[in-house]
Amino acid sequence: MRFPENFLWGGAIAANQCEGAYDVDGKGLSIQDVMPKGVLGEVEEEPTADNLKLMGIDFYHRYEDDIRLFSEMGFRMLRLSIAWSRIYPNGDDKEPNEKGLVFYDKVFDCCLKYGIEPIVTLSHYETPLHLAKEYDGWRNRSLIEFFLRYCRTVFGRYGKKVKYWMTFNEINAVRHFPLMGAGIWTPKEKLTKADIYQAAHHEFVASALATKLLREMVPGAKMGCMVLGALSYPMTPHPDDMLSMMERDRDCMFFADVQARGYYPSYIRREWEREGIELQMEPGDEDVLRYTVDYISFSYYMSKCTAADCSKYQKGRGNLTTGVANPYLKESEWGWQIDPKGLRYTLNYFYDRYQKPLFVAENGLGANDVLIIGADREPTVEDDYRINYMKEHLAQIKKAIVQDGVEVIGYAAWGCIDLVSASSAQLKKRYGFIYVDRNEDGSGTLERFRKKSFYWYRDIISTNGEALEE
Ligand code: BG6
(Lines give C-alpha, C1' and ligand atoms only; values in the text may rest on other atoms or scores of the structure.)
Protein backbone atom coordinates (compact mmCIF):
# COMPACT_ATOMS: atom_id res chain seq x y z
CA MET A 1 0.00 0.00 0.00
CA ARG A 2 2.51 2.54 -1.16
CA PHE A 3 3.57 4.65 -4.10
CA PRO A 4 4.54 2.49 -7.10
CA GLU A 5 8.25 1.59 -7.09
CA ASN A 6 8.87 3.39 -10.38
CA PHE A 7 6.93 6.53 -9.37
CA LEU A 8 8.44 9.56 -11.11
CA TRP A 9 9.31 11.93 -8.28
CA GLY A 10 10.70 15.26 -9.32
CA GLY A 11 10.01 18.85 -10.21
CA ALA A 12 9.02 21.13 -13.05
CA ILE A 13 10.36 24.31 -14.60
CA ALA A 14 9.76 26.18 -17.86
CA ALA A 15 12.38 27.70 -20.16
CA ASN A 16 10.97 31.23 -20.17
CA GLN A 17 10.76 31.38 -16.38
CA CYS A 18 14.27 30.20 -15.57
CA GLU A 19 16.71 30.15 -18.48
CA GLY A 20 17.25 33.87 -19.02
CA ALA A 21 19.79 34.43 -21.84
CA TYR A 22 16.82 35.62 -23.84
CA ASP A 23 18.90 36.80 -26.80
CA VAL A 24 21.96 34.60 -26.48
CA ASP A 25 23.31 32.09 -29.04
CA GLY A 26 20.80 32.95 -31.72
CA LYS A 27 17.63 32.73 -29.61
CA GLY A 28 14.71 34.73 -31.01
CA LEU A 29 12.23 36.61 -28.86
CA SER A 30 9.21 34.86 -27.38
CA ILE A 31 5.96 36.42 -26.22
CA GLN A 32 7.26 36.28 -22.65
CA ASP A 33 10.06 38.66 -23.49
CA VAL A 34 7.49 41.42 -24.00
CA MET A 35 5.27 40.57 -21.01
CA PRO A 36 7.21 42.28 -18.20
CA LYS A 37 4.36 42.15 -15.71
CA GLY A 38 3.08 38.69 -16.49
CA VAL A 39 -0.24 37.65 -17.86
CA LEU A 40 -2.22 40.35 -16.11
CA GLY A 41 0.03 43.25 -17.13
CA GLU A 42 0.52 45.27 -20.30
CA VAL A 43 2.29 43.86 -23.33
CA GLU A 44 5.23 45.83 -24.71
CA GLU A 45 6.47 46.08 -28.29
CA GLU A 46 10.06 45.26 -27.31
CA PRO A 47 11.77 43.69 -24.27
CA THR A 48 12.05 46.17 -21.39
CA ALA A 49 14.66 46.20 -18.64
CA ASP A 50 12.08 45.57 -15.91
CA ASN A 51 11.28 42.10 -17.29
CA LEU A 52 12.78 39.63 -14.83
CA LYS A 53 12.38 36.78 -17.31
CA LEU A 54 15.08 38.18 -19.58
CA MET A 55 17.64 36.89 -17.09
CA GLY A 56 15.40 34.47 -15.21
CA ILE A 57 17.57 32.61 -12.74
CA ASP A 58 20.24 32.16 -15.42
CA PHE A 59 19.54 28.45 -15.75
CA TYR A 60 21.06 28.78 -19.22
CA HIS A 61 24.50 29.08 -17.69
CA ARG A 62 23.92 27.30 -14.39
CA TYR A 63 21.96 24.24 -15.45
CA GLU A 64 24.70 21.82 -14.42
CA ASP A 65 24.77 23.03 -10.82
CA ASP A 66 20.98 23.14 -10.68
CA ILE A 67 20.52 19.63 -12.02
CA ARG A 68 23.17 18.40 -9.59
CA LEU A 69 21.10 19.90 -6.77
CA PHE A 70 17.99 18.18 -8.13
CA SER A 71 19.88 14.92 -8.13
CA GLU A 72 20.94 15.55 -4.54
CA MET A 73 17.24 15.49 -3.69
CA GLY A 74 16.97 12.20 -5.56
CA PHE A 75 14.86 13.46 -8.49
CA ARG A 76 13.91 10.69 -10.84
CA MET A 77 12.39 13.10 -13.33
CA LEU A 78 12.61 16.74 -14.35
CA ARG A 79 9.83 18.33 -16.35
CA LEU A 80 11.18 21.22 -18.40
CA SER A 81 10.31 22.96 -21.63
CA ILE A 82 12.27 23.68 -24.77
CA ALA A 83 12.10 27.34 -25.75
CA TRP A 84 10.75 27.06 -29.30
CA SER A 85 12.47 30.37 -30.16
CA ARG A 86 15.87 28.93 -29.23
CA ILE A 87 15.42 26.26 -31.91
CA TYR A 88 13.48 28.29 -34.49
CA PRO A 89 14.18 31.92 -33.56
CA ASN A 90 11.24 33.30 -35.53
CA GLY A 91 9.14 30.16 -35.53
CA ASP A 92 8.79 30.10 -39.31
CA ASP A 93 12.47 29.69 -40.16
CA LYS A 94 13.42 26.92 -42.55
CA GLU A 95 16.50 25.77 -40.61
CA PRO A 96 16.95 25.29 -36.88
CA ASN A 97 19.46 27.16 -34.78
CA GLU A 98 22.25 24.70 -34.03
CA LYS A 99 23.43 26.53 -30.92
CA GLY A 100 19.98 26.22 -29.39
CA LEU A 101 19.93 22.51 -30.17
CA VAL A 102 23.33 22.07 -28.55
CA PHE A 103 22.11 23.70 -25.37
CA TYR A 104 19.32 21.16 -24.84
CA ASP A 105 21.66 18.31 -25.78
CA LYS A 106 23.79 19.38 -22.84
CA VAL A 107 20.81 19.78 -20.52
CA PHE A 108 19.37 16.34 -21.33
CA ASP A 109 22.79 14.70 -21.12
CA CYS A 110 23.26 16.24 -17.73
CA CYS A 111 19.87 14.94 -16.56
CA LEU A 112 20.65 11.45 -17.81
CA LYS A 113 24.07 11.50 -16.17
CA TYR A 114 22.26 11.88 -12.85
CA GLY A 115 19.61 9.28 -13.69
CA ILE A 116 16.94 11.95 -14.12
CA GLU A 117 14.30 11.30 -16.81
CA PRO A 118 13.59 14.52 -18.75
CA ILE A 119 9.90 15.15 -19.45
CA VAL A 120 9.66 17.81 -22.09
CA THR A 121 6.92 20.34 -22.78
CA LEU A 122 7.09 21.49 -26.38
CA SER A 123 5.24 24.75 -25.85
CA HIS A 124 5.05 26.27 -22.39
CA TYR A 125 3.54 29.73 -22.85
CA GLU A 126 6.49 30.79 -24.99
CA THR A 127 5.37 31.05 -28.63
CA PRO A 128 8.01 32.83 -30.75
CA LEU A 129 7.10 36.53 -30.81
CA HIS A 130 7.29 36.69 -34.59
CA LEU A 131 4.54 34.08 -34.87
CA ALA A 132 2.39 36.11 -32.51
CA LYS A 133 2.89 39.44 -34.24
CA GLU A 134 2.93 38.33 -37.87
CA TYR A 135 0.48 35.44 -37.81
CA ASP A 136 -1.66 36.19 -34.75
CA GLY A 137 -0.44 32.98 -33.17
CA TRP A 138 -2.55 29.86 -33.25
CA ARG A 139 -5.45 31.63 -34.95
CA ASN A 140 -3.44 31.06 -38.08
CA ARG A 141 -3.39 27.55 -39.53
CA SER A 142 0.22 27.95 -40.71
CA LEU A 143 1.31 27.43 -37.13
CA ILE A 144 0.51 23.73 -37.46
CA GLU A 145 3.20 23.37 -40.10
CA PHE A 146 5.74 25.45 -38.15
CA PHE A 147 5.06 23.51 -34.96
CA LEU A 148 5.47 20.17 -36.72
CA ARG A 149 8.75 21.31 -38.25
CA TYR A 150 9.94 22.14 -34.75
CA CYS A 151 8.68 18.79 -33.43
CA ARG A 152 10.41 16.87 -36.23
CA THR A 153 13.67 18.61 -35.36
CA VAL A 154 13.55 17.97 -31.63
CA PHE A 155 12.17 14.42 -31.86
CA GLY A 156 14.95 13.58 -34.30
CA ARG A 157 17.63 15.24 -32.23
CA TYR A 158 16.56 14.16 -28.73
CA GLY A 159 14.53 10.99 -29.37
CA LYS A 160 17.23 8.82 -27.83
CA LYS A 161 17.36 10.97 -24.70
CA VAL A 162 13.75 11.99 -24.09
CA LYS A 163 10.93 9.46 -23.80
CA TYR A 164 8.17 11.58 -22.28
CA TRP A 165 6.80 14.62 -24.09
CA MET A 166 3.81 16.89 -23.80
CA THR A 167 2.50 19.30 -26.40
CA PHE A 168 0.87 22.47 -24.98
CA ASN A 169 1.16 23.57 -21.39
CA GLU A 170 -2.29 24.24 -19.87
CA ILE A 171 -3.89 24.15 -23.30
CA ASN A 172 -7.22 25.34 -21.86
CA ALA A 173 -5.60 28.67 -20.90
CA VAL A 174 -6.35 29.89 -24.43
CA ARG A 175 -9.87 30.72 -23.24
CA HIS A 176 -8.75 33.17 -20.61
CA PHE A 177 -5.27 34.22 -21.75
CA PRO A 178 -5.18 34.04 -25.54
CA LEU A 179 -1.76 35.67 -25.85
CA MET A 180 -0.01 33.60 -23.23
CA GLY A 181 -1.89 30.40 -24.08
CA ALA A 182 -1.85 30.58 -27.87
CA GLY A 183 0.33 33.51 -28.94
CA ILE A 184 -2.69 35.49 -30.16
CA TRP A 185 -1.62 39.10 -30.59
CA THR A 186 -5.12 40.51 -31.11
CA PRO A 187 -6.32 41.89 -27.75
CA LYS A 188 -8.63 39.53 -25.90
CA GLU A 189 -11.57 41.93 -25.94
CA LYS A 190 -11.57 41.91 -29.73
CA LEU A 191 -11.74 38.13 -30.01
CA THR A 192 -14.92 36.16 -30.47
CA LYS A 193 -15.62 32.75 -29.02
CA ALA A 194 -15.25 31.37 -32.54
CA ASP A 195 -11.72 32.82 -32.78
CA ILE A 196 -10.75 31.01 -29.61
CA TYR A 197 -12.21 27.68 -30.75
CA GLN A 198 -10.49 28.09 -34.10
CA ALA A 199 -7.12 28.59 -32.42
CA ALA A 200 -7.80 25.61 -30.17
CA HIS A 201 -8.71 23.54 -33.22
CA HIS A 202 -5.34 24.32 -34.79
CA GLU A 203 -3.63 23.33 -31.56
CA PHE A 204 -5.60 20.08 -31.36
CA VAL A 205 -4.66 19.13 -34.91
CA ALA A 206 -1.04 20.08 -34.27
CA SER A 207 -0.99 18.11 -31.03
CA ALA A 208 -2.48 15.01 -32.66
CA LEU A 209 -0.09 15.20 -35.61
CA ALA A 210 2.83 15.65 -33.21
CA THR A 211 1.68 12.52 -31.38
CA LYS A 212 1.55 10.60 -34.65
CA LEU A 213 4.99 11.91 -35.60
CA LEU A 214 6.49 10.98 -32.25
CA ARG A 215 5.22 7.40 -32.62
CA GLU A 216 6.74 7.15 -36.08
CA MET A 217 10.07 8.71 -35.16
CA VAL A 218 10.58 7.46 -31.60
CA PRO A 219 8.81 4.14 -31.04
CA GLY A 220 7.96 3.60 -27.40
CA ALA A 221 8.03 7.31 -26.50
CA LYS A 222 4.96 8.73 -24.76
CA MET A 223 3.01 11.87 -25.56
CA GLY A 224 0.82 13.60 -23.01
CA CYS A 225 -1.59 16.49 -22.97
CA MET A 226 -1.49 19.09 -20.21
CA VAL A 227 -4.46 20.99 -18.82
CA LEU A 228 -4.92 23.51 -16.06
CA GLY A 229 -6.86 21.33 -13.66
CA ALA A 230 -8.89 23.66 -11.48
CA LEU A 231 -12.23 21.89 -11.09
CA SER A 232 -15.24 23.42 -9.35
CA TYR A 233 -17.61 22.62 -6.53
CA PRO A 234 -21.20 23.85 -6.59
CA MET A 235 -21.72 26.68 -4.13
CA THR A 236 -24.95 25.04 -2.94
CA PRO A 237 -26.75 21.76 -3.68
CA HIS A 238 -29.29 23.71 -5.74
CA PRO A 239 -29.67 21.82 -9.05
CA ASP A 240 -28.96 25.04 -10.96
CA ASP A 241 -25.62 25.37 -9.21
CA MET A 242 -24.90 21.74 -9.95
CA LEU A 243 -25.56 22.24 -13.65
CA SER A 244 -23.46 25.36 -13.61
CA MET A 245 -20.62 23.29 -12.15
CA MET A 246 -20.96 20.76 -14.94
CA GLU A 247 -20.73 23.50 -17.53
CA ARG A 248 -17.80 25.28 -15.90
CA ASP A 249 -15.82 22.07 -15.67
CA ARG A 250 -16.29 21.49 -19.36
CA ASP A 251 -14.18 24.63 -19.81
CA CYS A 252 -11.31 22.46 -18.75
CA MET A 253 -12.47 18.97 -19.66
CA PHE A 254 -13.28 19.87 -23.26
CA PHE A 255 -9.55 20.21 -23.93
CA ALA A 256 -8.70 16.90 -22.30
CA ASP A 257 -11.74 15.21 -23.91
CA VAL A 258 -10.54 16.02 -27.42
CA GLN A 259 -6.94 15.01 -26.76
CA ALA A 260 -7.71 11.88 -24.77
CA ARG A 261 -10.75 10.60 -26.67
CA GLY A 262 -9.93 11.81 -30.15
CA TYR A 263 -13.11 13.59 -31.19
CA TYR A 264 -15.15 16.68 -30.47
CA PRO A 265 -17.69 15.91 -27.75
CA SER A 266 -21.39 16.28 -28.49
CA TYR A 267 -21.82 19.08 -25.93
CA ILE A 268 -19.40 21.32 -27.82
CA ARG A 269 -20.98 20.58 -31.19
CA ARG A 270 -24.33 21.63 -29.75
CA GLU A 271 -22.81 24.81 -28.37
CA TRP A 272 -21.37 25.65 -31.78
CA GLU A 273 -24.72 24.98 -33.46
CA ARG A 274 -26.56 27.10 -30.91
CA GLU A 275 -24.16 30.01 -31.19
CA GLY A 276 -23.66 29.81 -34.94
CA ILE A 277 -19.98 28.99 -34.63
CA GLU A 278 -18.54 27.35 -37.72
CA LEU A 279 -14.94 26.28 -37.50
CA GLN A 280 -12.77 26.28 -40.57
CA MET A 281 -11.63 22.71 -40.89
CA GLU A 282 -9.79 21.01 -43.68
CA PRO A 283 -10.77 17.56 -44.88
CA GLY A 284 -9.16 14.97 -42.66
CA ASP A 285 -8.78 17.28 -39.64
CA GLU A 286 -11.25 15.34 -37.55
CA ASP A 287 -9.69 12.00 -38.51
CA VAL A 288 -6.35 13.22 -37.30
CA LEU A 289 -7.72 13.82 -33.81
CA ARG A 290 -7.80 10.07 -33.28
CA TYR A 291 -4.06 10.16 -32.51
CA THR A 292 -4.80 10.52 -28.85
CA VAL A 293 -2.33 11.04 -26.03
CA ASP A 294 -0.75 8.24 -24.01
CA TYR A 295 -1.13 9.96 -20.66
CA ILE A 296 -2.93 12.93 -19.18
CA SER A 297 -1.13 15.53 -17.19
CA PHE A 298 -2.45 18.53 -15.37
CA SER A 299 -1.40 21.32 -13.07
CA TYR A 300 -3.14 21.54 -9.75
CA TYR A 301 -2.97 24.52 -7.44
CA MET A 302 -6.55 25.07 -6.36
CA SER A 303 -10.18 24.21 -6.76
CA LYS A 304 -12.92 26.80 -7.00
CA CYS A 305 -16.63 27.15 -6.46
CA THR A 306 -19.30 28.06 -8.90
CA ALA A 307 -22.98 28.92 -8.93
CA ALA A 308 -25.72 29.66 -11.43
CA ASP A 309 -25.36 33.28 -10.33
CA CYS A 310 -21.77 33.88 -9.27
CA SER A 311 -22.40 37.59 -8.70
CA LYS A 312 -24.12 36.69 -5.41
CA TYR A 313 -20.79 35.53 -3.97
CA GLN A 314 -17.33 36.84 -3.38
CA LYS A 315 -14.85 36.10 -6.16
CA GLY A 316 -11.73 34.27 -5.02
CA ARG A 317 -8.86 36.77 -4.79
CA GLY A 318 -6.55 34.45 -6.64
CA ASN A 319 -9.04 33.04 -9.14
CA LEU A 320 -7.42 34.10 -12.35
CA THR A 321 -10.02 32.32 -14.44
CA THR A 322 -13.58 31.88 -13.23
CA GLY A 323 -15.28 30.90 -10.01
CA VAL A 324 -16.01 32.19 -6.54
CA ALA A 325 -14.25 31.64 -3.23
CA ASN A 326 -14.80 28.49 -1.19
CA PRO A 327 -15.64 29.53 2.40
CA TYR A 328 -14.11 26.32 3.78
CA LEU A 329 -10.61 26.82 2.42
CA LYS A 330 -7.59 28.87 3.40
CA GLU A 331 -5.64 30.76 0.78
CA SER A 332 -2.00 31.38 -0.06
CA GLU A 333 -0.42 34.83 0.17
CA TRP A 334 -1.46 35.31 -3.46
CA GLY A 335 -5.05 34.33 -2.70
CA TRP A 336 -4.89 30.86 -4.28
CA GLN A 337 -7.20 28.60 -2.29
CA ILE A 338 -5.47 25.58 -0.84
CA ASP A 339 -7.36 22.31 -1.25
CA PRO A 340 -5.36 19.06 -0.96
CA LYS A 341 -8.48 16.88 -1.05
CA GLY A 342 -9.42 18.57 -4.29
CA LEU A 343 -6.35 16.92 -5.79
CA ARG A 344 -7.63 13.46 -4.89
CA TYR A 345 -10.98 14.43 -6.38
CA THR A 346 -9.31 15.71 -9.56
CA LEU A 347 -7.24 12.56 -9.98
CA ASN A 348 -10.34 10.39 -9.60
CA TYR A 349 -12.33 12.60 -11.93
CA PHE A 350 -9.74 12.37 -14.70
CA TYR A 351 -9.15 8.67 -14.23
CA ASP A 352 -12.83 7.78 -14.20
CA ARG A 353 -13.29 9.73 -17.40
CA TYR A 354 -10.34 8.45 -19.42
CA GLN A 355 -8.73 5.45 -17.72
CA LYS A 356 -5.33 6.67 -18.88
CA PRO A 357 -2.22 7.13 -16.71
CA LEU A 358 -2.08 10.49 -14.98
CA PHE A 359 0.87 12.72 -14.26
CA VAL A 360 0.71 15.62 -11.81
CA ALA A 361 2.71 18.06 -13.91
CA GLU A 362 2.61 20.97 -11.45
CA ASN A 363 1.70 21.57 -7.84
CA GLY A 364 3.20 23.78 -5.18
CA LEU A 365 2.97 26.84 -2.98
CA GLY A 366 4.11 30.28 -4.08
CA ALA A 367 5.26 32.16 -0.99
CA ASN A 368 7.31 35.12 0.13
CA ASP A 369 10.29 33.24 1.60
CA VAL A 370 12.67 34.86 4.07
CA LEU A 371 16.32 33.90 3.91
CA ILE A 372 17.95 33.33 7.30
CA ILE A 373 21.27 31.97 8.49
CA GLY A 374 20.78 28.34 9.51
CA ALA A 375 22.40 26.32 12.32
CA ASP A 376 25.21 25.25 9.98
CA ARG A 377 25.82 28.94 9.18
CA GLU A 378 24.52 28.45 5.65
CA PRO A 379 21.69 30.68 4.40
CA THR A 380 18.39 28.80 4.29
CA VAL A 381 14.60 29.22 4.49
CA GLU A 382 12.49 27.64 7.22
CA ASP A 383 9.63 26.89 4.86
CA ASP A 384 7.48 24.63 7.00
CA TYR A 385 4.41 26.09 5.28
CA ARG A 386 5.63 24.64 1.98
CA ILE A 387 6.41 21.29 3.58
CA ASN A 388 2.90 21.16 5.07
CA TYR A 389 1.33 22.10 1.77
CA MET A 390 3.17 19.37 -0.12
CA LYS A 391 2.75 16.79 2.60
CA GLU A 392 -1.01 17.25 2.49
CA HIS A 393 -1.17 17.13 -1.29
CA LEU A 394 1.07 14.08 -1.55
CA ALA A 395 -1.01 12.31 1.10
CA GLN A 396 -4.05 12.80 -1.13
CA ILE A 397 -2.20 11.48 -4.17
CA LYS A 398 -1.29 8.43 -2.15
CA LYS A 399 -4.94 7.93 -1.22
CA ALA A 400 -5.95 8.23 -4.87
CA ILE A 401 -3.39 5.56 -5.78
CA VAL A 402 -3.78 3.22 -2.84
CA GLN A 403 -7.43 3.53 -1.89
CA ASP A 404 -9.03 4.51 -5.20
CA GLY A 405 -6.81 2.61 -7.63
CA VAL A 406 -5.96 5.61 -9.78
CA GLU A 407 -2.89 5.16 -11.98
CA VAL A 408 -0.59 8.07 -11.22
CA ILE A 409 2.86 7.87 -12.79
CA GLY A 410 4.54 10.86 -11.23
CA TYR A 411 4.56 14.12 -9.34
CA ALA A 412 6.38 17.27 -10.42
CA ALA A 413 6.71 19.96 -7.77
CA TRP A 414 6.31 23.25 -9.63
CA GLY A 415 9.28 25.63 -9.63
CA CYS A 416 11.46 23.15 -7.75
CA ILE A 417 14.03 25.93 -7.88
CA ASP A 418 12.78 29.52 -7.46
CA LEU A 419 11.93 31.10 -10.79
CA VAL A 420 9.94 33.98 -12.26
CA SER A 421 6.19 33.64 -11.83
CA ALA A 422 3.99 33.31 -14.91
CA SER A 423 0.97 35.29 -13.76
CA SER A 424 2.74 38.21 -12.11
CA ALA A 425 6.34 37.94 -13.39
CA GLN A 426 7.59 38.28 -9.82
CA LEU A 427 10.57 36.57 -8.26
CA LYS A 428 9.30 37.00 -4.75
CA LYS A 429 6.56 34.46 -5.46
CA ARG A 430 8.81 31.52 -4.72
CA TYR A 431 7.96 27.85 -5.10
CA GLY A 432 11.36 26.21 -4.85
CA PHE A 433 13.16 23.76 -2.62
CA ILE A 434 16.16 25.82 -3.67
CA TYR A 435 16.33 29.53 -2.94
CA VAL A 436 17.79 31.75 -5.64
CA ASP A 437 19.36 34.99 -4.53
CA ARG A 438 17.65 37.36 -6.90
CA ASN A 439 15.39 40.18 -5.81
CA GLU A 440 12.40 41.89 -7.30
CA ASP A 441 14.55 44.79 -8.52
CA GLY A 442 16.79 42.34 -10.36
CA SER A 443 19.65 42.61 -7.86
CA GLY A 444 21.26 39.58 -6.22
CA THR A 445 24.13 37.16 -6.67
CA LEU A 446 22.02 34.36 -8.20
CA GLU A 447 23.57 32.02 -5.62
CA ARG A 448 21.51 28.95 -4.73
CA PHE A 449 20.66 27.88 -1.16
CA ARG A 450 18.92 24.75 0.08
CA LYS A 451 15.66 25.42 1.94
CA LYS A 452 14.34 23.20 4.74
CA SER A 453 11.93 21.67 2.23
CA PHE A 454 14.94 20.52 0.17
CA TYR A 455 15.89 18.01 2.85
CA TRP A 456 12.28 17.08 3.48
CA TYR A 457 11.61 16.29 -0.19
CA ARG A 458 14.87 14.33 -0.37
CA ASP A 459 13.57 12.11 2.46
CA ILE A 460 10.19 11.70 0.81
CA ILE A 461 11.82 10.53 -2.39
CA SER A 462 14.38 8.27 -0.76
CA THR A 463 11.62 6.48 1.17
CA ASN A 464 9.34 6.45 -1.88
CA GLY A 465 6.77 8.42 0.06
CA GLU A 466 6.91 6.42 3.31
CA ALA A 467 8.29 9.46 5.18
CA LEU A 468 4.91 11.13 4.62
CA GLU A 469 3.61 9.09 7.52
CA GLU A 470 6.06 10.64 9.99
C1 BG6 B 1 0.95 27.31 -14.18
C2 BG6 B 1 1.97 27.49 -15.26
O3 BG6 B 1 -0.19 27.99 -14.55
O4 BG6 B 1 1.18 27.82 -12.93
C5 BG6 B 1 3.35 27.87 -14.77
O6 BG6 B 1 2.05 26.37 -16.10
C7 BG6 B 1 3.23 28.83 -13.62
O8 BG6 B 1 4.10 28.36 -15.84
C9 BG6 B 1 2.49 28.14 -12.49
O10 BG6 B 1 4.41 29.38 -13.18
C11 BG6 B 1 2.35 28.95 -11.22
O12 BG6 B 1 1.81 30.20 -11.53
P13 BG6 B 1 2.51 31.54 -11.09
O14 BG6 B 1 1.74 32.60 -11.71
O15 BG6 B 1 2.46 31.56 -9.62
O16 BG6 B 1 3.90 31.46 -11.61
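Hi everyone. Buried, in this talk, means under 20% relative accessible area, with exposed over 50% and partly exposed in between, using a 1.4 Å probe and protein chains only. The model is predicted, so local features need pLDDT of at least 70 and side-chain atom pairs count only at pLDDT 80 or more, while totals for chains, interfaces and linings use all residues. Residues are numbered from 1 along each chain as its sequence is written, and side-chain values use heavy atoms, leaving out hydrogens and water.

Let's start with strand S2, residues 77-81. Strands here are DSSP runs of E, at least two residues, numbered from the N terminus. In a regular strand, side chains alternate between the two faces of the sheet. In S2, Met77, Arg79 and Ser81 are on one side, Leu78 and Leu80 on the other, and all are buried.

Which strands pair with S2? Strand S1 (residues 8-12) runs parallel to S2, joined by three bridges, and strand S3 (residues 117-123) is also parallel, with five bridges. Pairing takes at least two DSSP bridges. Gly11 has Leu78 as its bridge partner, and Arg79 stands opposite Ile119 in S3.

Ligand oxygen atoms lie 2.7 Å from a polar side-chain atom of Glu362, and 2.7 Å from a polar backbone atom of Ala422. The protein covers 95% of the 380 Å² of accessible area that the ligand has on its own, by the Shrake-Rupley method with a 1.4 Å probe.

Notes
Helix = DSSP H or I, 4+ residues; strand = E, 2+ residues; numbered from the N terminus. Polar contact = N/O pair within 3.5 Å; in protein donor to acceptor, adjacent residues only side chain to side chain.
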